[in-house]
Amino acid sequence: MVYFLILTLTLKTVEWKNNSVIMIDQTKLPNSLEYITFTEYTQVAEAIRTLVVRGAPAIGVSGAFGLALAALQSNATEKNHLINDLEIAKKILFDTRPTAVNLAWGLDKIMDVAKNADTVDEIRSSVVETVKQMAEDDVQINMSIGKNGSELFNDNDTIMTHCNAGALATVGYGTALGVIRATKESGKKVKVIATETRPVQQGSRLTAFELKHDGIDVSLIPDTAVGYTMANGLVNGVIVGADRILQTGHVFNKIGTYQVATMAKQHNIPFYVAAPLSTFDLQNRPEDVIIEQRKASEVTGIGDKRTAPDGINVINPAFDMTPPELISGIITEDGIAKPPYEESIKELFKAN
Ligand code: MRU
């Protein structure tokens, strides 16, 4: 158990090492834990698009790592030429997935650092320093989120979670799973119910993998059993992550989150969202947010096995929106926002 606790704390989903990006190939989990090394930003873009790395904070830091690789790859000798190369790389990285706001956050942060540096060498060194710091900060931020959220759950609670908002969705420790880890580390006994999270099965492949290795009591359910487990009193609370949180408190997260929140409301079960401030989008309205639509084959089969008739029409949105009235609280590294969210989110950012 200790070995796996150390594994989870040291399980780096994505890392900058020797001017390369090393990441866990999450498409291979839970059957094998494999690391891939990238030296070109287009490889990182492809890894984001194909879910080798996924989860909003992990995508944000990976995008930033990709831009740092682009800075090293460029043969520019003049600042404006390098900035131009970075703008090209930024667009390719940005266009990989549209919904998680952390990707834009990570890319914009690196572009600002680059534009504020004077020389090509300064750009390269300051960008590399910044991405390393972003990775370290991510883990610290998740541990603060964990601590803040651990207050919300009681001893012997059974907590439901949807998708994977764990160490594998961040650089380390996790957001929603960080709260579950911190609740356990605070000495409370907790059990977890993880939804399978079709079609890509982030719940069964990744969340169950992480929690089982942490020695946390986790049960897996098909997504269709959410209502049953709540109606039968098996769930004391729900915690999920987020890909984008608006000023209004509308939360975009993995497809199915809205259904889980609606069921929780139906059964008066508290429903919490855990996310860093980098996941907040204070500019856009619900209708402005692009929901990623993914390929039909994710739904018409599992692995190589076809499970639907050839040529069937498929609707496969990767995310949905949960309205604020279904959310009991939003847990961040700087505290917990409670309804009405227009005010509490404004307060959170005022302090920042
Ligand atoms: O398609 P994915 O696997 O990137 O979706 C991930 C989620 O929806 C997570 O819940 C969210 O990114 C939060 S991760 C801390």
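Figure 1. The structure is a predicted model, in which local features need pLDDT of at least 70 and side-chain atom pairs count only at pLDDT 80 or more, while totals for chains, interfaces and linings use all residues. Residues are numbered from 1 along each chain as its sequence is written, and side-chain values use heavy atoms, with hydrogens and water left out. A pocket here is an open set of points on a 1 Å grid over the protein atoms alone, with protein on both sides within 12 Å along at least five of seven lines; lining residues have an atom within 4 Å of a point. The space in this second largest pocket comes to about 300 Å³, where a volume is the space filled by probe spheres set on the points, and grid points are joined across faces, edges and corners. H3, helix H5 (101–116) and helix H6 (120–150) each contribute at least two lining residues. Helices (H or I, at least four residues) and strands (E, at least two) are DSSP runs, numbered from the N terminus. By class, the lining holds 10 nonpolar, 2 polar and 4 charged residues; Ala, Val, Leu, Ile, Met, Phe, Trp, Tyr, Cys and Pro count as nonpolar, Asp, Glu, Lys and Arg as charged, and the others, Gly among them, as polar.

**Figure 2. The largest pocket, with helix H11 in its lining.** This pocket holds about 440 Å³ of space. Its lining has 19 residues, and Pro-199, Val-200, Lys-295, Glu-298 and Gly-303 are the closest to the centre. Helix H11 (297–300), strand S12 (301–302) and strand S13 (305–306) are the elements that give two or more residues to the lining, and H11 gives the most, with 3 residues. Sorted by class, the lining has 4 nonpolar, 7 polar and 8 charged residues.

Figure 3. Val-299 is found in helix H11. With a relative accessible area of 30%, Val-299 is partly exposed; for a 1.4 Å probe and protein chains only, buried means under 20%, exposed over 50%, and partly exposed in between.

**Figure 4. The largest cavity.** A cavity is a set of grid points where a 1.4 Å probe fits but cannot get out. By this rule the model has 2 cavities of 30 Å³ or more. The largest cavity has a volume of about 190 Å³, and of its 24 lining residues, Arg-54, Gly-55, Ala-56, Asn-164 and Asp-243 are the closest to its centre. Helix H3 (56–73) and strand S9 (251–254) each supply at least two residues of the lining, with the largest share, 3 residues, coming from H3. The lining of this largest cavity divides into 11 nonpolar, 9 polar and 4 charged residues.

**Figure 5. The second largest cavity.** Its volume is about 50 Å³. Among the residues that line this cavity are Thr-197, Arg-198, Gln-202, Lys-254, Arg-294 and Asn-316. By class, the lining of the second largest cavity has 5 nonpolar, 3 polar and 4 charged residues.

**Figure 6. An open sheet of 3 strands.** The strand order is S1-S2-S3, with antiparallel pairing. Strand S1 (14–17) and strand S3 (35–38) stand at the edges with a single partner strand each, so one side of each is left without a neighbour in the sheet. From one strand to the next, the twist averages 25 degrees; axes are lines fitted to C-alpha atoms, for helices over the stretch in contact, and angles run from 0 to 180 degrees between N-to-C directions. S1 pairs with strand S2 (residues 20–24) in the antiparallel sense over 4 bridges, and two strands count as paired if DSSP finds at least two bridges between them. Look for Trp-16, which stands opposite Val-21 in S2.

**Figure 7. Strands S4 and S5 side by side in a parallel pairing.** Strand S4 (residues 157–161) and S5 are joined over 5 bridges. Ile-159 stands opposite Val-192 in S5. Strand S5 (residues 190–195) is mostly covered, with 5 of its 6 residues buried.
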